[in-house]
Amino acid sequence: MKLFAHFRVANICAMLAMTWVIGYQVTVARCESQKAAAAIGSKRVEALIAAMSIDEKLGQLTQRPGGMRTDDNPEVAHAKREDLKREVREGKVGSFLGAFGAEYINDLQRVAVEESKHGIPLIIGNDIIHGCRTIFPIPLAEAASWDPALVERSAHIAAVEAAAMGTHWTFAPMVDICRDPRWGRVAEGNGEDPYLGSIIAAARVRGFQGDDLKASDSLLACAKHFAAYGAPEGGRDYNTVDISMATLFEVHLPPFRAAVDAGVGTMMSAFNEINGVPATANRFIMTEVLRSQWGFDGFVVSDWTAVTELVAHGYARDDAHAAALAIDAGVDMDMTSQAYRTHLAKAIDDGHLDIRTIDDAVRRVLKTKESIGLFDDPYTDPELHKKVILCDEHRGVARESARRSMVLLKNDGNVLPLKPGIKKIALIGPLADNQRDMLGTWAAIGKAEDVVTIRTGMGAAVGDEVAINFEIGCQIEGGDVAGIQKAVEVARASDMAIVVVGETAGMSGEASCRSNIDLPGHQLELVKAIHATGKPMVVLVASGRPLAIPWVAEHVPTIVQIWHPGVEAGHAVADVLFGKVNPSAKLPITIPRNVGQVPIYYAHKQTGRPPSDSFFTSKYSDVPWTPLYPFGFGLSYTKFGYSKMKLSQVKMKPGESITASATITNTGDVAGEEIVQLYIRDLVGSRTRPVKQLRGFKRVSLAPGESKTITFTLTESDLAYWDSNFEFKAEPGKFVVSIGPNSVDGMSTDFELIAE
Ligand code: NOJ
């Protein structure tokens, strides 16, 4: 795998002992950080550092909330904003988050540039996660497109809109790998796989930042949450993370490395601890890995109050201790806790902290401000947003992104695409005519009123020719079953039923974890009642996570996972239902049969007793050990045949590459696109290896009857991993290569990597 190609750690144990145990006397650690010191800045940056007082320097490392949350009381809001301006004027703030609108931001900026002593511009960060005003599908959905070019485009559009509204910096992409759908933030990431996750992470960074960080349509990106935030025990947000070093390096770090290689400008430290050391005080990952090994030269911002939370973790004695630990670990900017500006001057006076540590952090922040052009042109044209926000072009990409992210899970009897001749469609369910929840978890300044509901989208697609008869049936959660009978009557009076069930937007996202991942409320009863009518039926699952839907999977002939699809939800759903678009998306995460199977993921280990018919093997007695739908799975309105798998050679020497090819044929009646996947398995390792690992994928378009040969190249680094000495290398031996439509099916053959 190329991501780790240049990363060798000779003696990881010594490094851990040296770096994970850090006391208050942080100056001791200074010598190790020399090589990670920020390279000298421009004349302007160095002159500023020379001229600034300690308090002004700490101001640059301080990020404050933008004072927008008091909007409902104009007087309070005004007073709050005047206070914030005073802080800016006094050089106590370097950045805001949660400040929106070019005019307000320009106003703050004017105070910074014209009224503060050094005239250093502010950098304004916001959570532009899946769109700004044009809301795209949630990130997990976009990952299901397996289409980095499309992901890059939607991130670029988010950047265009956010930059036009005065934002300079987005706290995205979230690149946390997650194998536990209980965790609410699974919606914001790219699923379970580090290879796919890395490709999508890099695409988002390119999309947000573009080629020129100074351009008016560029947004500085921030890869978060560094690191392993997606592995909390029990799937409970902010909870403890206790994983092996191998899992950290093989599963959780690769997407961050990919973001760094793609040029990401900033990183955010995570809330969680990793094996006993909170990420926000974790010098090993923040400095040794990120800066010394990976060569990251941007700055790191903490997550919201993560610095002072070191006290609650039981890692710092008090806020002052926390601030010293965090800055010494490599966290340059303190998001909202104010611990840096309150305590670090004293830590320097007392000799606990080296001023060079502060200077390095300030240098990184100022260099970043310079790199995005803030010193040249700190203001945003207040008219600009009117031309770009929610324009037709942006809506068009949102529609494309949504329809490319919908996964066809089942289509028995080819119920879809809907056939001509259907005159009455019963459209049922609490998400069928719903605007708010289509937006998904983190909709920035998205507005429910911008959303095309499924009812509206289907209505627009069929015009007067087909009657769309809507009935809600039940609520998403709570409520009663009184409406189900009405829905049944509507279904009985129609030719077929489309039932849209799932989750509210608020059920996923930060702090929104579930211990139960079934359909909430009375929705399963609704599905069962409609099924009992005997009408042809489609279930659309709108959710921010994989939901356990075993009954639906067994009984309902047709199921589409539509996620939370964004502002163009209704048009995109109609495109898929009526066959204007042939689905091609594939699951970026495993769908379990029930929550008890979690964590469940395709790249698991074999174990000494792999599941079999024999009793004493690794399985459950009440449910199969296999998932409901595996990673990489997704159907099409056509069928694809896989044949003629070939390797270029059966033996590979170090330094050589090998090609693997297969022929894919469209054996159905309509044109379609297939995402062809390549997996490897290292049969014997000095540490045990997963049963499969994704190492390539390609999209192929095929007309009915057409065949194409798809070729992948595997290099030694694709075979490498962190071996028993924690060296990243490929070990000689046999490798199985599989090419197929998902992580379970397909063809396999093997080759041998021979020693020199
Ligand atoms: C906390 C979240 O964890 C993080 O992802 C987000 O960027 C910050 N809050 C700022 O809103």
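## Lining of the largest pocket

The residues that line the largest pocket of this structure divide into 15 nonpolar, 8 polar and 5 charged, and the model from which this division is taken is a predicted one. The volume of this largest pocket comes to about 680 Å³. Its lining is made up of 28 residues, of which Ile600, Tyr601, His604, Trp625 and Thr626 are the closest to the centre of the pocket.

Two domains take part in this lining, since at least three residues are drawn from domain 1 (394–597) and at least three from domain 2 (640–753).

## Surroundings of the ligand

The ligand is surrounded by 13 residues, and the closest of these are Asp127, Arg185, Lys224, His225 and Asp303. By residue class, the shell around the ligand comprises 7 nonpolar residues, 1 polar residue and 5 charged residues.

In the case of His225, an N or O atom of the side chain is 2.6 Å from an oxygen atom of the ligand. On its own the ligand has 300 Å² of accessible area, and the protein covers 93% of this area.

## Cis peptide bonds

The peptide bond that leads from Lys224 to His225 is cis, with an omega near 0 degrees, and both Lys224 and His225 are among the residues closest to the ligand. His225 belongs to strand E5, which spans residues 222–226.

Another cis peptide bond connects Ala172 with Pro173, where omega is about 10 degrees. Pro173 is placed in a loop, namely the one that runs between strand E4 (169–170) and helix H9 (194–209).

Thr305, a residue other than glycine, has a positive phi, with a value near 55 degrees.

Phe726 is not a glycine either, and its phi is positive at about 55 degrees. The loop that holds Phe726 runs between strand E23 (721–722) and strand E24 (728–729).

Key
Residues numbered from 1 in each chain as written. Predicted model: local features only at pLDDT ≥ 70, side-chain atom pairs only at ≥ 80, totals over all residues. Heavy atoms only, no water. Near = heavy atom within 4 Å. Polar contact = N/O pair within 3.5 Å; in protein donor to acceptor, adjacent residues only side chain to side chain. Areas by Shrake-Rupley, 256 points an atom, 1.4 Å probe, with all protein chains shown as cover. Nonpolar A, V, L, I, M, F, W, Y, C, P; charged D, E, K, R; others polar. 1 Å grid on protein atoms, 1.4 Å probe; cavity = no way out; pocket = protein on both sides within 12 Å on 5 of 7 lines; lining within 4 Å. Points joined across faces, edges and corners; volume = space filled by probe spheres on them. Domains from an automatic or database assignment. Helix = DSSP H or I, 4+ residues; strand = E, 2+ residues; numbered from the N terminus.
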